[in-house]
Amino acid sequence: MPQIFKPSADTWLRTFAAVAALGLIAAALFGAGVARSDWVTRAGWPVEQPVPFSHKHHVGDLGLDCRYCHSDVEEGRYAGLPSSHVCITCHSQLWTGAEVLEPVRASFAENRPIAWKRVAALPEYVYFDHHIHVARGVPCVECHGRIDEMPLTWRAKPLQMRFCIDCHRDPAPRLRPVNQVTRMDWTGWASDPANRGFGERAMRRFHIQPAKLTDCNVCHR
Amino acid sequence: MRPWLVLLLLPALAGCDEMSRQPRDDVYRASPLFADGAAMQAPPPGAVARDAPAWDAALAERPPMTPALLARGRERYRIFCQPCHDASGSGHGIIPARGFPQPPDFNSERLRQASSQTFVDVIGHGHGVMFAYGDRVPPGDRWAIAAYIRALQLSQHAPAADLAAGDRARLEAPHGR
């Protein structure tokens, strides 16, 4: 019986096995990287909207409070998208001829909602409630980022489960005074000696128990 | 199929994420159920909200003036009124600075004589170029804002004789120079 394999066959086999093993590991790492990437989480990607609404202009430059438009945020699960009535409160007098605002005027005139695209969407098996977070002093900026610096609106944080869990395990450093919850710039606040231990005090006052905050049914009901 | 092949394919199930979008009509969503394509529908004409009596009762009676009412009023005023009416109530807010017709000064004689009920009505139904805020400012908050407007008016028109002795002394002390 003649030789089937050449002397180099063993080398080829080992090389192939090694490349296949490395390829599997690389594919797993690549997959994990993609799942965590901004491309999948959409963090930092502006969403194209029917009207190029600028939070930078309305919040950053004019100083409107978040609740002027998102007026359900203290009461309900959803922060609330403003009706066109809210937009036209000012724009009945300002920028009345602006072409970019035509969809807003049409919406108001025809009583037809503007089809805004969702920016900070959560998977539908998550029951997130704005009201309790606002009432306990989790500032808007903690999840939504510096919205006052966004000329178009994008998702500031990945909003994956790890993002929620990080805070539910250790809420204290994120808590702020409830009456300043819509404040955007907290530079220097945490290092101010006057605010030392604020988070821990807020935890005691509101009976926040991290051990229970990570129960599955806190978010998945 | 061979069992080992099924085991090998199991991890592929992780790619299925159907539950992140569920067949239900959440608020603000599009829905094929209704003619206008929106999941949220306005109540039919003539519908009465379950909390309508409580709403009307809160609107009808002015709550007693308390520090808590004033604090609530100040917070709501800063959210909804300050952009036009300014922190002082002068009407020189940032929105009029951008071209919106300037609202009247809360410290004017006419508005100092106006009743709290007038402010509550204007917040709820609007006035002139000011749109109604009734959908965003519930009755209790309207009264709170009206109370805070009273405080703003007092802040600009307090008679010196009403000040506590210490404050009075500071006011009348000769200034530097």
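Predicted model: local features only at pLDDT ≥ 70, side-chain atom pairs only at ≥ 80, totals over all residues.
Let's start at B:R21, which is partly exposed, with a relative accessible area of 47%. The side chain of B:R21 meets that of A:E124 in a salt bridge, 3.8 Å from N to O. B:R21 sits in the loop between helix 1 and helix 2 of chain B, while A:E124 sits in the loop between helix 6 (102-110) and helix 7 of chain A, so the pair joins two chains.

Chain A brings 30 residues to the contact and chain B brings 27 residues. How much area is buried between chain A and chain B? It comes to about 2,600 Å², and carbon and sulfur atoms give 57% of it. On the chain A side, A:E124 turns up again: together with A:L62 and A:Y68 it supplies 26% of the area that chain A buries against chain B, more than any other three residues.

Between chain A and chain B, 9 residue pairs are in polar contact, counting pairs with both residues at pLDDT 80 or more. If you want to know which helices of chain A are involved, look at helix 3 (55-61), helix 4 (66-69) and helix 5 (84-91), each of which supplies at least two residues of the side that touches chain B. Helix 5 of chain A gives the largest share of that side, 5 residues.

Over all chains the count is 21 salt bridges, and 4 salt bridges are found across the interface of chain A and chain B. One to look at is B:R76 with A:E74, where the closest N and O atoms are 2.9 Å apart. Where does B:R76 lie, and is it buried or exposed? It lies in helix 3 (residues 67-80) of chain B, and its partner A:E74 is in the loop between helix 4 and helix 5 of chain A. B:R76 has a relative accessible area of 4%, so it is buried.

A:D148 forms one with A:R146, and the closest N and O atoms are 2.9 Å apart. Here A:D148 counts as buried at 12% relative accessibility, whereas A:R146 is partly exposed at 27%.

Staying in chain A, have a look at helix 9 (residues 161-169). Its buried residues are A:F163, A:I165, A:C167 and A:H168. What covers them includes helix 7 (130-135), helix 8 (140-144), helix 11 (210-213) and helix 12 (216-219) of chain A.

Finally, back out to the surface, where A:L81, B:V27, B:Y28 and B:M40 form a nonpolar patch with about 320 Å² of accessible area together. One of its members, B:Y28, lies in the loop between helix 1 (3-9) and helix 2 (52-60) of chain B. With a relative accessible area of 35%, B:Y28 is partly exposed. B:R21, where we came in, lies in that loop between helix 1 and helix 2 of chain B as well.

Key:
Residues numbered from 1 in each chain as written. Chains lettered and ligands numbered in written order. Heavy atoms only, no water. Buried < 20%, exposed > 50% of the residue type's maximum accessible area, 1.4 Å probe, protein only. Helix = DSSP H or I, 4+ residues; strand = E, 2+ residues; numbered from the N terminus. Contact = heavy atoms within 4.5 Å. Patch = residues over 30% accessible without salt bridge, like charges linked within 9 Å, V, L, I, M, F, W, Y side chains within 5 Å. Areas by Shrake-Rupley, 256 points an atom, 1.4 Å probe, with all protein chains shown as cover. Buried area = accessible area lost by both parts, 1.4 Å probe. Polar contact = N/O pair within 3.5 Å; in protein donor to acceptor, adjacent residues only side chain to side chain.
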